[in-house]
Structure formats: C-alpha cells, structure tokens
Amino acid sequence: MDHINDFISSINNPNTAKVARYVLKDFSMDILYYDLDELYSKIISLKPNSRKRVTTICYMLGVFAEWLNERNVENAERFQQLILEVDKTKLWEEAKKNAEEVFITYTSYLEILSDIDLHEEYNSKYYHCLFRCIYEGVYCDDLSVLKNLRSSDIDGDIVVLHDDNGKEYRIKISSELSAMLKELATIDIWERPNRNGICRVQMIGLYPDSVFKAEKRTTTSSKSVRFTYYAKLRKINDKYIGHTLSPLRLYVSGVIHRLQYLFEKYNVSLTEAFSDNSRNRTAHLIISSELERCNGIVEISNFRDIIKGHIDYFAGDLIEDFDEEFFSPISISEQTEEYLEGEEQLAMHLSHERNVSLVALAKTRFIEEHAGRLFCEACGFDFCKKYGERGIDFIEVHHKKFISVRTKNEPTRIEDLVMLCSNCHSILHRYQPWLSMEELEQLISRF
C-alpha cells in the first residue's frame, strides 16, 4: 500500500492525482500477481459506468505499472504487460452488466414522476417540476436557467430562458408542465414535518414571480437558490432512483427520448444513428436540430460520446406521441436536400501504419518523466488540465522523421516521438514542406 500512496503523492497534477486515488483506492499490491481474469474482476468491481471510465482505469493502472517498473518493484514488469493485454471493449461489455445506470428510460421517468406525486407528502409540485423541467430540456451547465425562471417568462407552451452568461433562448415544453410552473410560481411556503406537526417556512426567489425559490433567510442569494434545487435533486436520487443521476444525464435522457420519436418517424434506428462513424445525414440533422432546439451544450460528436456504450439501454423503450410543434419547425426533408456533402465514394490509397504499442509506451514514459503530466511539447497545452477527466491520456504523437519517408525496415525509437496538441500538429502538417519541431517552436515564439 505504501507504493500506491507514494505513486499518488508523486503526481503533481491535482486532476490526475484525483483520478489515481479513485482507481487505486480499493487496490493492494496483490494486484501485481493477478492473472487476466482476476484483473477483469477487480476492475469490474469498481463499477465503471461508461466505456470512457474503463479506459481511464486501464490507463491509470498502466501508468502505475510503469512507475513500479522503473523502481524495480518485483513483478511490476509482468503486471505492466498484463495491462497491455486488457481488451477494453470486452471489459466494458462485462462491466456494463453491473454498472449503475447513468441514464433513465422514458418508462422509468414516468414511474419516478408518479412516485413523487404519490409518496411525496409535502412540496411534491416543486420536486415534480424540477425533475420534469430538466428532462424536457430546461437546462444549462450551472442550471442558472432554473434559478432565473420567472412566471412572466412562460407564454403558453413557450418558455423564455436566461442563463447567467446573458444568453436568452426559447424552448417549447409540454402544456402540463407549463401550467404546473405557473402554479409553482405562486407558492412561497415550504412544508416539512416535525415533532410538533407541520413546519411552514417562507420561500423567496430572486424575483417576485420566480418559479424556483429558496427558504427565506437573512438574505436570499443566487447561491442559496441554486443550493436548494441541487439538494432537492439529491433527494430525488436517494429516495426515488436509488443511485446518482446527474442533471446532465437527466437532460440527455430526455433528449434521447425525443430523438427516438423523431428517428422512428423518419425510419432511422437508434443504433444506426449513434453507431461509430455513422454517415446517416437524416440522423445527423435530427440530432443537430433537437440539440439546437433545447440549447444543446455539446457538439454532436461529444453528445455521441456521452451515450456511447449505453444505446441498448434505451432499446424497446416506450415512445410517446408528440405534438409536431414541440420540435424545431425546420423540415427534415427540406433541410436534408440542402446538404450535399457526405456522399460515399470508394477510394484506394497507401497508408503507413503506426505502431500503437509504441505510441502508448511513449505517452506513458512521457507522463512519468513529467510528474504525471501529458502536454504539448511545442506550446505546453495540457488537455487534462483544460478539460479534466475527458482530457486524460489525450495527445497527438508526432514522428520527428515522417513515416512516409522512412525505409520499410527502419525502426522507430521512443526518442523519435513528440507529444503535440491538435493545433500544433495540424499547423506542422498543414502543407509541404512540413515544419520541423525547431521551426514550429520558432513560429510559436514569434507570436
């Protein structure tokens, strides 16, 4: 265990150290003597809930193995080789069976709303509206659109939303939710039972007609309002779901449900729409239109990554009929005809294969030599520092001597490889003659 603590202490990057603690918290040094099946079982016991999480765990174990090997710890070299043998796709298929659900189906969503209405003796309208708002697309990164929501912003089924960054946009919600939000804006009492009966606490919002309010204290601030609905969401998780469902995952679950309706309408399967390298233009347009309609906070490619590995969870779900006006007024058929890109063509070309194992080893060694960091050697950009867990183990690897000009049997050494961010790598290769590393660094230093 001392080796594990020493390894974590050696990592200077706080985000990387946090991930290392998560991965290694339940491990002991016995892991060095595991066989492949035992390692699979141990990783699955961590209950990774996405393919990305599986990759993160394996990556961190690989870094730890390299660290041990450099210190000549017994059996570390064998363990390092074992990590390289892990089939991450197979591992995720096994882990998925025991993973906590990170989304909810529409069927589950209806059951949760029903349970809230049936079992929440006090303040059920607040809980119901909060949960339903996010599912129907009332969402932004910090949920400030909920904090800023006013009764006067609701006109029929159209809600005008305002986030703290000054962005204003409109979204259509269900008639039932619209009426409930209007009613909730008139409620300024929070009820809770105590040993003397029912305690009634006055609620207050940022505006006279705020929909979501907080308990009145000496001052009512944006922070106190936000704390209130995050606390209520945690209660819904604990009492009605049984595991943590983040606001983002709740929002994405609602988006997927609406997409399923549109996919079915235009004869697109959910699997086809979210398959790797999908070329279905209709599916692409449907996803893009729905994300735009409800102020999607991620690009389509990133949205696909969020639900990758979870598509089968939504298969066979109940599909509700929607009013066509619920969606963007853009005609799918008309819009599709405007996009002429993406026709499939057969092309043949020669490519120079890169050694994946060598690239992985180069990354690992670079991380060890730079105190747990993986950054661009030209400009210093650090994906993990900028993007957190999503940026872990992400960098492009550049060959100082271009593969295309190498002889067939000319070997590549780790010293021949350079870590570059996407921008620097693209600029270096933008047109021939390609830049050398020295020329790239000189170019950067000039600006």
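Start by selecting Tyr-106, Tyr-109, Phe-131 and Tyr-135, which form one aromatic cluster. Rings of Phe, Tyr and Trp (its six-membered ring) count as a pair if their centres lie within 6.5 Å; planes under 30 degrees apart are stacked, over 60 edge-to-face, and the rest tilted.

A word on what you're looking at: this is a predicted model, where local features need pLDDT of at least 70, side-chain atom pairs count only at pLDDT 80 or more, and totals for chains, interfaces and linings use all residues. Residues are numbered from 1 along each chain as its sequence is written, and side-chain values use heavy atoms, with hydrogens and water left out.

Stay with the rings: a search of the whole structure turns up 22 aromatic pairs. Pick Tyr-126 and Phe-212, whose ring centres are 5.5 Å apart with planes at 85 degrees, so this pair is edge-to-face. Tyr-126 belongs to helix H8 (residues 124–135) and Phe-212 to the loop between E5 and E6, so to speak a link between distant parts of the chain, 86 residues apart. Helices (H or I, at least four residues) and strands (E, at least two) are DSSP runs, numbered from the N terminus. Are Tyr-126 and Phe-212 buried or exposed? Both are buried, meaning under 20% relative accessible area, with exposed being over 50% and partly exposed in between (1.4 Å probe, protein chains only).

Next, show the strands. Three of them make an open antiparallel sheet in the order E4-E5-E6. Strand E4 (189–194) and strand E6 (214–215) are the edges, each with a single partner strand, so one side of each has no neighbour in the sheet. E5 (residues 197–204) is joined to E6 by two bridges; strands pair if DSSP finds at least two bridges between them. Zoom in on Met-203 and you'll find Glu-215 of E6 opposite.

Now jump to helix H15 (residues 300–307), where Ile-300, Phe-303, Arg-304, Ile-306 and Ile-307 are buried. They span an arc of only 155 degrees around the axis, which puts them on the same side of H15; the arc is taken from the directions from the helix axis to the C-beta atoms. After H15 comes Gly-309, with a positive phi near 90 degrees.

Last stop, the cysteines: which residue holds the closest cysteine sulfur to that of Cys-421? Cys-424 does, but at 3.6 Å that is too far for a bond. A disulfide needs two cysteine sulfur atoms within 2.5 Å, and the whole structure has zero.
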